[in-house]
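Good morning, colleagues. Please look at the structure on the screen while I take you through a few of its local features.

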Amino acid sequence: MDRGSSISFAQSCRYALVASAAWCIWTPPLHAEAPHAEQAHAEQARPGLTIPAGTLRSALDALARQSGISIGMAGSLPDLRVRRIDRARDVGDALRRMLAGSGLRAVRVDASTWRVEAVPQKISRSPRRRVTPPDLASGDIIVTASKRDERLSDLPASISIAGGQVLGRLAGRRGLVDLMASADSAFSTNLGPGRDRIFLRGVADSAFNGTSQSLVSLYLDDARIGYAAPDPDLRLVDVDRVEVLRGPQGTLYGTGALGGVVRIVTVAPDLDRFTGSAAIEGTGVANGSLGGAVESIVNVPILPGTLALRASGWSETMPGWIDDTGRNRRDVNRTRRIGGRAALRWSFGDWHATLDGVAQRIDARDSQYATDGLSRATRIAEPQDNDFTAATLTLQGLIGKLDAQATTAFVDQEFGSTYDASVLASLLGPTAPLAYIEDRSAQLLSQEIRVSDPTARHPWIVGATILHSTSRLDGRYFSTGGSPAVTARRDEEDVIDAALFAEGTQQVTQTLDLKLGLRAFSTISHLEQVDPDRERAARVGVTPSATLSWHRDDLGLVWLRYASAVRPAGVSRTAPIADRRIPGDELQSLELGWRIRVGGDLVALHGAVFGSVWEHLRSDTVGADGLLGTVDAGNANNYGLELGGRLDLAPVAIDFSMTLQRARLTSTSSVATVDDDDRRLPVVPDISARLAASRNFDVRGLPAQVYAAARYIGRTRLSFDPLLDRPAGRYATIDAGSSIDISGRRWSVDVTNLLDSRGNSFGFGNPFTLGSTMQTVPVRPRTITLRLAIGL
């Protein structure tokens with residue numbers, strides 16, 4: 001809340017949760033039988049594995065955290081006690097000793113995946129079904145979205161996990177925006193690589209890339225990599241999985257996580273094995289040009305068991321498909337992306353340190369909007385770029401039985417845009433053609449320290465974080481006729497955010513748990529613009545959460561969750577002077593969610609009924625001068641239903657999801673321009689659906705797969721402002737592909753937008769002509785990608 005303001009009923013409820021949260025976190029543990037386990041995933045291996053005595057599930061969990069493997073088993077694990085294991089030579093030795101005399105055995109699937117199965121009583125002469133690494137889109141795995149190791153079957157939250165086969169099906173671009181098409185209730189703009197915004201569960205303010213803080217917190221492993229900048233569109237190379245956590249996550253992730261959190265989890269360095277891989281792609285777009293990509297990965301144990309380096313690199317040319325008739329140019333939105341990542345891991349005793357760095361550069365030679373089909377007419381080119389650099393140092397280990405972690409991260413992102421502003425030449429004086437050039441930069445320095453106890457039946461986590469964000473914007477008009485540049489705007493924002501957070505779970509009964517969380521924060525923002533002058537905004541408050549969950553091993557999990565999140569206060573450059581200070585956004589949500597199994601593992605269903613209230617919705621808009629500004633649009637709410645599932649009819653698997661929602665403004669501010677007859681929130685449709693099917697089979701003894709996926713996006717809009725609004729959505733796309741493995745090589749072909757659908761996706765083109773022309777951002781036409789991946 002703002003200093004000096006009155007305390008609302010909702011805020012009073014937050015403070016009432018403080019005592020309950022402390023009780024939940026520090027109450028002594030209740031001893032209970034642990035739920036079943038099916039898979040686990042955590043850190044990389046180190047020699048001398050020591051597994052404490054306990055149940056088979058707890059032993060497998062401990063092994064996964066120490067070794068970095070995934071362990072899977074069909075069905076539920078038996079209730080077995082495991083003796084303490086001291087100084088196991090490797091994972092195989094630990095599993096053999098753990099399963100001795102149990103009637104179970106461990107089978108290695110690949111370098112990081114093991115399968116637990118019953119010891120066969122006889123040898124079958126029939127062909128054995130091929131086993132593939134787990135598809136992380138479903139299944140019971142260890143996830144870290146809650147900032148501690150937590151089993152998916154025990155996590156009472158709406159989460160989508162993409163890994164394995166899902167990541168392998170990304171064709172042509174392999175960016176985060178491409179992946180969002182397979183996640184429930186996830187949407188994004190389509191402005192172009194390095195310019196897009198991601199939205200979750202109907203929490204969307206506008207399609208414009210203004211200076212407002214992002215509504216979805218983006219993480220690379222444990223480092224926050226986004227604050228007030230678009231998605232850097234990192235190419236997903238050497239990525240283990242992507243976790244998409246829907247709904248406000250202010251308790252653990254702080255300001256800005258109103259819609260949710262997206263975490264990209266990379267593959268950690270392997271301390272013991274030398275591995276490598278390479279891939280090459282060729283891409284062609286209907287009515288467009290050709291492109292391609294190369295990528296490589298290498299893992300080198302420098303001191304086996306102690307020190308290892310893992311590095312990856314990529315270079316990609318994304319083909320264009322938009323023509324510019326005004327300059328007689330074809331495929332003008334051709335884009336180049338090049339980058340790399342390296343991680344150095346050092347293991348010492350029960351601790352390890354990881355130094356990680358990533359750099360990527362995106363250069364688009366023009367924007368990708370159209371005014372007539374797949375073409376437009378401009379007088380000058382409108383190039384875009386996004387340069388991203390990040391460095392992270394993570395220290396993690398044990399303090400007694402507790403997990404401790406400290407993460408320090410620095411992110412630098414520079415992105416720029418050029419637009420044809422010739423329509424303003426007569427007003428500003430310079431000779432046409434006139435260009436508007438905008439250069440922006442965003443630096444983010446963050447430090448987080450946390451301690452957790454993941455092994456207790458009442459797991460808890462406490463931590464502290466401090467964040468410093470600096471963003472700058474420099475816009476100027478430049479005449480190609482030789483006139484001097486004219487400064488249009490110069491903005492700078494400096495934000496310091498400090499917080500303490502805690503979350504804990506208390507067992508109420510054998511099947512009922514209560515989880516409470518609380519974050520206390522202080523945010524100070526300094527905003528400086530050409531007009532108005534420097535202003536200061538401060539906010540102190542709390543963001544609580546509370547979850548009541550019911551679980552049963554043979555059925556699944558059902559939960560009722562309250563959560564909240566906020567954004568700091570801001571300043572509007574387009575509003576009257578008296579209304580230029582914008583209160584911080586505040587969103588509260590209630591959801592009834594479930595993740596259940598029917599018929600053993602035959603059918604897995606998940607979903608949620610949700611409702612949210614959003615106060616002081618801050619929205620980016622285009623002013624009369626064509627420059628982006630920010631206004632308080634008013635208050636909004638959203639309620640809806642998410643429904644999805646997976647049907648496993650081996651060797652065929654079917655995935656489906658559907659989102660029905662109603663996101664609307666309930667009241668408008670005095671400075672917002674809104675059509676009273678249409679109060680829909682931009683970008684997010686009322687209805688969306690996805691259906692996918694895949695089949696595994698053998699071709700002359702070689703493992704192969706085919707898949708097909710369809711997605712429908714309902715009707716939506718571009719902006720609240722009726723003068724800027726453009727209809728979008730109401731289109732469907734179909735993707736298909738296949739792959740085959742031959743002697744360590746995987747050949748694949750993927751086709752996106754198979755039927756070459758034409759639809760206006762979520763984006764805009766030139767803000768200076770948006771009000772006078774019908775601009776659209778077409779869905780990318782039919783695209784075919786051939787890929788060869790080689791394991792070294």
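**Aromatic pairs and other local features**

A search of the whole structure finds seven aromatic pairs; rings of Phe, Tyr and Trp (its six-membered ring) pair if their centres lie within 6.5 Å, with planes under 30 degrees apart counted as stacked, over 60 as edge-to-face and the rest as tilted. One of them is the edge-to-face pair of F208 and F764, at 4.9 Å centre to centre and 75° between the planes. F208 lies in the loop between β12 (198-200) and β13, and F764 in the loop between β41 and β42, so the pair ties together parts that are 556 residues apart in sequence. Helices (H or I, at least four residues) and strands (E, at least two) are DSSP runs, numbered from the N terminus. F208 is buried at a relative accessible area of 0%, and F764 is also counted as buried, at 5%. Buried means under 20% relative accessible area, exposed over 50%, and partly exposed in between (1.4 Å probe, protein chains only). Ring pairs also link Y419, Y436, Y477 and F768 into a cluster.

A word on the source. This is a predicted model, in which local features need pLDDT of at least 70 and side-chain atom pairs count only at pLDDT 80 or more, while totals for chains, interfaces and linings use all residues. Residues are numbered from 1 along each chain as its sequence is written, and side-chain values use heavy atoms, with hydrogens and water left out.

Next, charges over rings. K147 lies over the face of Y253, at 4.6 Å from the ring centre. The charged end of R376 sits over the ring of Y369, 4.3 Å from its centre. The criterion is NZ of Lys or CZ of Arg within 6 Å of the ring centre and within 35 degrees of the ring normal.

Which strands form the open sheet, and in what order? The order of the five strands is β10-β15-β16-β13-β14, with mixed pairing. At the edges are β10 (159-163) and β14 (223-224), each of which pairs on one side only. Two strands pair if DSSP finds at least two bridges between them. Strand β13 (residues 216-220) pairs with β14 in the antiparallel sense over two bridges, and Y219 stands opposite R224 in β14.

I turn to the backbone. Most residues other than glycine have a negative phi, and most peptide bonds are trans. The peptide bond from A650 to P651 is cis, with omega near 10°; P651 is placed in the loop between β36 (628-649) and β37 (652-668). S743, which is not a glycine, has a positive phi of about 50°. S743 lies in the loop between β40 (727-742) and β41 (745-752) and is exposed, with a relative accessible area of 66%. D756 likewise has a positive phi, near 55°. D756 is found in the loop between β41 and β42 (783-791) and is buried, at 18% relative accessible area.

Finally, the surface. F274, V298, V300, I302, L303, L309, L344, L355 and L393 make a nonpolar patch of about 740 Å². Strand β18 (residues 290-303) gives the most to this patch, with four residues. V298 is found in β18 and counts as partly exposed, at 31% relative accessibility. Patches are made of residues with over 30% relative accessible area and no salt bridge, with like charges joined within 9 Å and nonpolar side chains (Val, Leu, Ile, Met, Phe, Trp, Tyr) within 5 Å. A salt bridge is a side-chain nitrogen of Lys or Arg within 4 Å of a carboxyl oxygen of Asp or Glu. Accessible areas come from the Shrake-Rupley method with a 1.4 Å probe; for residues, only the protein chains shown count as cover.
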